[in-house]
Amino acid sequence: MLQLKCKTMNAGDEIMALKCTVTTDLQAKDTNGYSGIQKHVEHDQSINHSNKDIVFSETQFNVYDESTATRQAIDDWNEQHFHNYVEQHDQHQREKGHAERQYGSVKNFLKRKKKATAVLTIGNMEVQSQLMKEFCPASSYVEEKLPDGTTHLVFKLKDEHEQPIKNNIAVAKRFYDCFNRALITATNNNVGWNLKSGKRVNIGDYLHRGRYATNNDEMGISHIHYEIATFGMTRGGKKRPAHATNSLNQALVSLHHAVTGQYCSGRAATKWYRASIDKFALKCLETELHKTYKVPQNKKILEFERKTETDKSLQTGLSMEQLKAQHQEIAEHKEAIQSLQKQTNDLTNQNNNVKHQVETVTKNLKAIYEATTGHQAVDKDGNDLTPLEMANGITHAARASQSNKEQADKDMVATQEKEKAAKQQQEQQEQLLNQQRQQLQTLQNQINDADEQLKQRKLQRVKEAQQEFDRNNLMYGDNEPITADNINDVEASIDQWRNDQRQQWQTDQTKHTKLINDNKDLQTQNDQLTTSNQAIQDNINSYKNQLVDSIAQNDPSHQVEQSLLNNNERPQPVNTDPGRQQHLKQNIKYLIKVAAKALQKVKEEALKFVDQITKTLTTPTNPNQPKPNLKSRYLDPSTIQASKHPFDYQREKQLMNKLNNDPILKLQKAILFANQKQSQKATQQITNAMNKRLNKDDERQF
């Protein structure tokens with residue numbers, strides 16, 4: 001008796017929600033549709049599959065629906081949606097006189113159109129392994145190592161004697177049935193939306209599922225392949241009204257419009273459809289796991305997650321070296337195909353030559369027959385005679401004509417030999433052609449495998465682009481996800497971003513170069529300023545020397561105050577070398593002040609001396625002698641004229657006061673009024689003062 005042992009969850013058990021990815025892949029590649037992938041999804045072990053990840057012991061858990069009823073349901077659905085369009089199209093073509101352009105039936109209309117298929121995948125190897133650990137006994141599965149070094153859990157369905165383990169098979173069936181029911185439910189035609197208007201829109205109204213196959217035996221990635229019959233309405237325009245179409249994009253746009261009331265692009269509609277189906281599929285699996293394993297409803301098992309957002313460790317596709325090697329191998333295969341195709345063409349040409357020879361021999365035989373018998377080479381029904389029949393006729397005619405018998409026999413034998421040789425050669429050519437066809441089929445299979453690997457490389461490009469975006473904190477469009485459909489645009493945007501960064505770097509480099517040049521200019525200006533400062537300093541030193549010379553000349557005993565000197569210095573007169581150096585160490589303001597005082601002292605002495613001379617000249621030698629009446633021989637009173645300028649009394653008064661107080665003017669006035677004795681006395685006084693000054697200077701120099 002079969003005993004089923006599985007884990008069941010109690011109310012107190014804690015389940016950490018697993019992050020799970022769900023992906024929907026919609027395709028409309030060719031006119032074969034689901035029929036073109038039927039062998040791929042059936043996983044017949046007797047067929048050499050390109051997919052090497054199939055665990056054939058688990059193929060028994062796959063579910064297929066390829067029944068006649070399902071096929072008929074698809075045909076009926078297509079007939080219902082496209083019958084009127086085909087009728088209107090054919091009627092229009094008949095009215096235009098183009099009966100040859102009629103479809104004739106819905107099947108003929110769709111026969112030339114691309115058929116859509118889809119793949120819905122829930123989870124990955126890691127998620128499925130975690131669920132197996134959570135819900136299945138540890139004895140029911142084993143760990144297997146993959147070629148890339150990672151590990152994956154597979155159910156242990158046979159013992160060491162290759163006998164089935166019934167309990168483990170039951171555990172595996174119960175586990176995989178959760179995925180089967182979730183995948184089938186998520187893609188059901190009655191899945192849809194209840195609108196606020198009370199109307200219901202089902203996905204099957206626009207994307208109708210037909211045949212399908214669930215695959216649970218591909219290394220822990222459970223998914224479903226299914227056929228889709230598509231229906232949509234074009235939006236129409238001025239030249240052509242809206243009409244029915246089986247375009248996958250237009251079907252998605254029509255479904256989006258029916259649900260939201262808004263039109264959008266095919267890409268936006270695909271994104272919206274995938275987001276809706278992916279989340280619903282995960283919800284279906286969550287429901288099945290809760291029912292099957294008695295998990296409390298308040299315990300969340302799975303959490304929806306997009307693969308490209310957080311899963312950075314996922315390794316997909318090939319390395320660049322492998323891809324190059326693969327491209328080289330594909331190129332070699334293509335060269336081999338071309339070579340074989342050339343050989344095939346040569347053999348075909350040879351076969352055509354043989355056929356031509358046979359036709360020539362038959363024609364000659366027919367001419368000989370008609371010439372020999374006098375009858376056309378046809379039977380009583382009007383059909384052409386065979387070469388053998390013509391040869392027999394010729395033989396009979398030759399018997400009647402003894403003179404041509406030998407020649408006729410030779411011709412007949414030669415004709416039969418040529419015909420036999422031609423048939424043998426034709427058989428050999430057919431055999432070679434069959435061999436070439438087999439080789440071509442083998443190479444085509446290899447090309448298909450290469451195409452699959454190129455698809456994986458495209459996924460790797462998607463991952464690398466996402467990593468580039470994450471490293472540089474970039475965003476594509478309105479934070480749209482990166483997919484295989486838009487990877488070319490994404491890479492173009494990355495190249496544009498890199499170009500912008502390069503241009504920004506060049507701009508910064510230019511600015512840096514300009515700053516360096518500006519710094520050089522500033523350095524040059526600084527050198528010029530240094531030179532100017534040095535010149536100014538030299539001028540200051542020269543001026544200080546002049547000031548010290550002036551101080552030494554006018555106040556040779558002057559000493560710098562002790563407070564301005566160092567503690568170990570003593571003030572020295574300026575006319576000595578130590579005193580001169582002490583003065584030169586002082587600032588120019590101090591030297592100007594000292595020089596001004598010395599010059600002021602000299603000025604005062606000079607003014608005092610001028611006053612003495614003025615007094616000498618103005619002191620009368622004879623007090624009783626009247627002052628002389630001076631007259632200028634150069635002044636003509638008649639030449640005096642009134643000034644054009646107004647008379648300013650205050651200004652004239654100030655000017656007169658200044659003239660009366662100016663010592664030099666007083667001296668000049670005294671000289672004019674002095675007599676001879678006063679002048680002699682003043683001259684003697686000046687001579688004495690100068691001699692005294694010269695003697696004093698000599699004493700200083702000494």
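Of the 702 residues of the protein in this predicted model, 31% count as buried. Colour by secondary structure to pick out 17 helices and 13 strands. Among contacts between residues at least 6 apart in sequence, 66% join residues at least 24 apart.

**Stop 1: the cavities**

The structure holds 2 cavities of 30 Å³ or more. Rolling a probe the size of a water molecule over the atoms shows where empty space is left. The largest cavity has a volume of about 80 Å³. To display its lining, select A186, T187, N188, I203, L207, H208, R209, Y226, I228, Y273 and I277. The elements that each give two or more residues to this lining are β9 (207-215), β10 (223-230) and α7 (266-293). Which element gives the most to the lining? It is β9, with 3 residues. Coloured by class, the lining residues divide into 7 nonpolar, 3 polar and 1 charged.

**Stop 2: D278 in α7**

Stay with helix α7 and select D278, which is placed in it. Is D278 buried or exposed? Its relative accessible area is 1%, so D278 is buried. Leaving out residues up to four places away in sequence, D278 touches V22, T23, T24, L120, F304 and R306. For R306, draw a distance from C-alpha to C-alpha: D278 and R306 are 9.8 Å apart in space and 28 residues apart in sequence.

**Stop 3: helix α4**

Now select residues 125-135, which form helix α4. Show side chains for V127, Q128, S129, L131, M132 and F135, the buried residues here. What covers the buried residues of α4? The cover includes the helices α5 (166-186) and α7, together with the strands β1 (18-20), β5 (141-145), β6 (151-155) and β13 (302-304).

**Stop 4**

Most residues other than glycine have a negative phi, and most peptide bonds are trans. Two loop residues to check against this are E162 and K294.

- Select E162, in the loop between β6 and α5. Its phi is near 60°, a positive value in a residue other than glycine. With a relative accessible area of 52%, E162 is exposed.
- Select K294, in the loop between α7 and β13. K294 is not a glycine either, yet has a positive phi of about 55°. At 54% relative accessibility, K294 counts as exposed.

**Stop 5: A421 in α11**

Move on to helix α11, residues 405-471, and select A421 within it. A421 counts as partly exposed, at 40% relative accessibility.

**Stop 6: helix α14**

Finish with residues 588-618, the 31 residues of helix α14. How does the span of α14 agree with what 1.5 Å a residue should give? The helix should span 45 Å, and its end C-alpha atoms are 43 Å apart, which agrees. Then show the buried residues of α14: Y590, L591, V594, A595, A598, V610, I613, T614, T616 and L617.

Notes
Residues numbered from 1 in each chain as written. Predicted model: local features only at pLDDT ≥ 70, side-chain atom pairs only at ≥ 80, totals over all residues. Heavy atoms only, no water. 1 Å grid on protein atoms, 1.4 Å probe; cavity = no way out; pocket = protein on both sides within 12 Å on 5 of 7 lines; lining within 4 Å. Points joined across faces, edges and corners; volume = space filled by probe spheres on them. Helix = DSSP H or I, 4+ residues; strand = E, 2+ residues; numbered from the N terminus. Nonpolar A, V, L, I, M, F, W, Y, C, P; charged D, E, K, R; others polar. Buried < 20%, exposed > 50% of the residue type's maximum accessible area, 1.4 Å probe, protein only. Contact = heavy atoms within 4.5 Å. Expected span 1.5 Å × (residues − 1).
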